[in-house]
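Let us walk through a protein model together, one step at a time. Have a look at the picture first, and then follow along below.

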Amino acid sequence: MAQFTKATSVKDWLNQRLAIEKVEKVMGSEYWIPKNINFLWAMGMILAFLFLLLTVSGIFLLMYYQPHVDTAFYSVNYTIMSEVDFGWLWRHIHAVASSVTFLIIYIHMFTAIYYGSYKKGREMIWITGMLLFVTFSAGAFSGYMLPWGQMSYWAGMVITNIFSLGDLQFNGLVEWIRGDYAPGQAFLNRFFMLHVFLLPLAIMGLIGLHFAALRIPHVNNQDGEEIDFEAESKKYLAGDKKGSKVMRFANDFLSKDVMVLGIFLVFFFYLVFFHYTFALDPVNLDPADGLVTPKYIYPEWYFLWSYEILRPFSVNIGLIAFGFSQVIFFLLPWLDRSPNTVAASRRGLFKYWFWLMLINMIVLTAMGKLPPKDPFSTIGLISAVLFIVMWLALPFITKNEKKA
Ligand code: HEM
């Protein structure tokens with residue numbers, strides 16, 4: 001057994017048992033971060049904070065929410081919104097946080113794509129990030145079911161129908177997922193369980209893995225510089241803080257993160273108090289009714305681009321295109337064959353690829369919200385085809401890229 005001596009302080013007592021000084025060094029004061037990074041590198045911390053906010057507001061909502069088809073709608077729209085003190089505030093925080101989380105996720109993802117932060121050595125960061133994207137998407141979808149309004153019901157119907165896999169007619173699979181022929185009590189119960197238990201648990205584990213995957217390769221930097229972290233950290237510890245290319249995670253980098261987080265929170269609470277309606281669909285203010293189909297069924301804004309890849313094709317082709325769009329991002333570290341880990345602006349054809357992909361996904365999002373009529377359907381179809389062609393072309397346009 002290890003040797004234990006009489007502790008001189010609580011810290012010393014804990015240190016002998018949990019090696020807290022070592023943990024603090026590994027995770028904080030000797031976790032080295034490059035100096036040449038900008039505010040976009042604070043998005044990860046904002047995401048971690050948003051997850052905390054979603055958890056806390058969710059716990060308060062859970063105290064009054066009732067997962068029953070007869071009472072769910074009223075427990076949200078009446079009890080929480082008007083009977084419980086500040087219930088409306090927790091609901092607005094929860095709804096706005098879920099929507100804004102996706103905005104920040106997209107900024108975080110596109111920052112990584114722009115700077116090539118998924119390349120050699122950082123593949124695990126990318127994969128765990130994509131798994132977070134998928135689990136957050138499932139979390140948002142399952143949460144959307146809970147108020148049991150018209151859009152909850154019909155979006156639930158449409159999305160679960162995808163699992164019939166078109167002409168393969170896997171209706172048994174759809175019924176197995178729903179626990180019934182149509183969304184009902186069993187459906188609401190299982191999505192409730194997923195939303196409040198299984199998915200948050202998976203997200204917590206994945207955030208841990210995502211952070212662990214960052215520790216060895218370190219974060220990338222905006223100049224694509226290969227930093228010798230060992231040498232630079234020695235310089236820092238020897239007192240040459242100015243000359244060193246790195247800083248401590250805690251408290252140097254953390255203090256910058258907190259400043260960006262502060263600015264973000266001003267924007268966030270502005271939305272919570274003055275523009276929360278963008279995160280709550282008015283169609284969902286009517287209780288679920290299996291006999292009245294809403295005129296247009298569309299998902300929240302953050303799923304629109306992938307919805308628009310499904311919609312303009314015939315059922316079977318649409319499903320294949322949709323499946324492609326869900327999987328292809330995972331493969332990015334292997335599809336981009338250039339060894340250059342630098343900003344897209346310093347790369348060959350990739351810089352056009354990056355901006356075109358971003359604009360095209362915005363066009364897909366806009367077309368997904370508009371009614372499926374011409375010219376929107378034609379624009380949607382062209383954008384969906386372009387999305388697929390661009391991903392297929394990526395290995396070829398990056399293969400012969402010159403060293404930047
Ligand atoms: C939603 C929960 C997420 C959390 C809490 C989170 C957290 C973080 C944090 C704290 C960092 C380090 C600082 C920074 O670059 O911001 C980071 C880096 C990174 N994340 Fe995430 N992330 C999340 C989702 C994602 C997603 C969806 C992706 C993309 C698929 C992703 C890909 C990356 C990459 C590639 C890096 C490395 C950046 C670099 O080396 O410069 N993350 N993440």
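Predicted model: local features only at pLDDT ≥ 70, side-chain atom pairs only at ≥ 80, totals over all residues.

Which residues of α7 are buried? They are Gln150, Met151, Ser152, Tyr153, Trp154, Ala155 and Gly156. Here, buried means that 20 or more other C-beta atoms lie within 10 Å of the residue's own C-beta atom. The cover over these buried residues of α7 includes helix α6 and helix α9, the latter being residues 185-215.

Both of those helices turn up again around the ligand. The elements that each supply at least two residues of the shell around the ligand are α3 (43-62), α5, α6 and α9. Which of them gives the largest share? That is α6, with seven residues. In total, 25 residues surround the ligand, and the closest are Gly44, Ala112, Ser117, Gly129 and Asn220. Sorted by class, this shell has 18 nonpolar residues, six polar ones and one charged.

Now step back to the domains. The domain assignment of the chain gives domain 1, residues 31-297, and domain 2, residues 304-404. Taken over C-alpha atoms, the centres of the two domains are 22 Å apart. How many residues does each domain bring to the contact? Domain 1 gives 19 residues and domain 2 gives 16. On the side of domain 1 that touches domain 2, the elements giving two or more residues are α5 (87-115) and α6 (123-145). The residues on that side of domain 1 divide into 11 nonpolar, five polar and three charged.

Finally, consider the chain as a whole. It contains 16 helices and two strands. The radius of gyration of the chain is 24 Å, close to the 22 Å that the globule rule gives for 404 residues, so the chain is as compact as a globular protein of that length. Along its principal axes, the C-alpha trace spans about 75 × 60 × 45 Å. Of the 404 residues, 29% count as buried. What about contacts between residues at least 6 apart in sequence? Among these, 75% join residues at least 24 apart.

Methods:
Residues numbered from 1 in each chain as written. Domains from an automatic or database assignment. Contact = placed C-beta atoms within 7 Å. Helix = DSSP H or I, 4+ residues; strand = E, 2+ residues; numbered from the N terminus. Nonpolar A, V, L, I, M, F, W, Y, C, P; charged D, E, K, R; others polar. Buried ≥ 20, exposed ≤ 12 C-beta atoms within 10 Å, placed from the backbone. Near = placed C-beta within 6 Å. Rg over C-alpha atoms; globule rule 2.2 N^0.38 Å.
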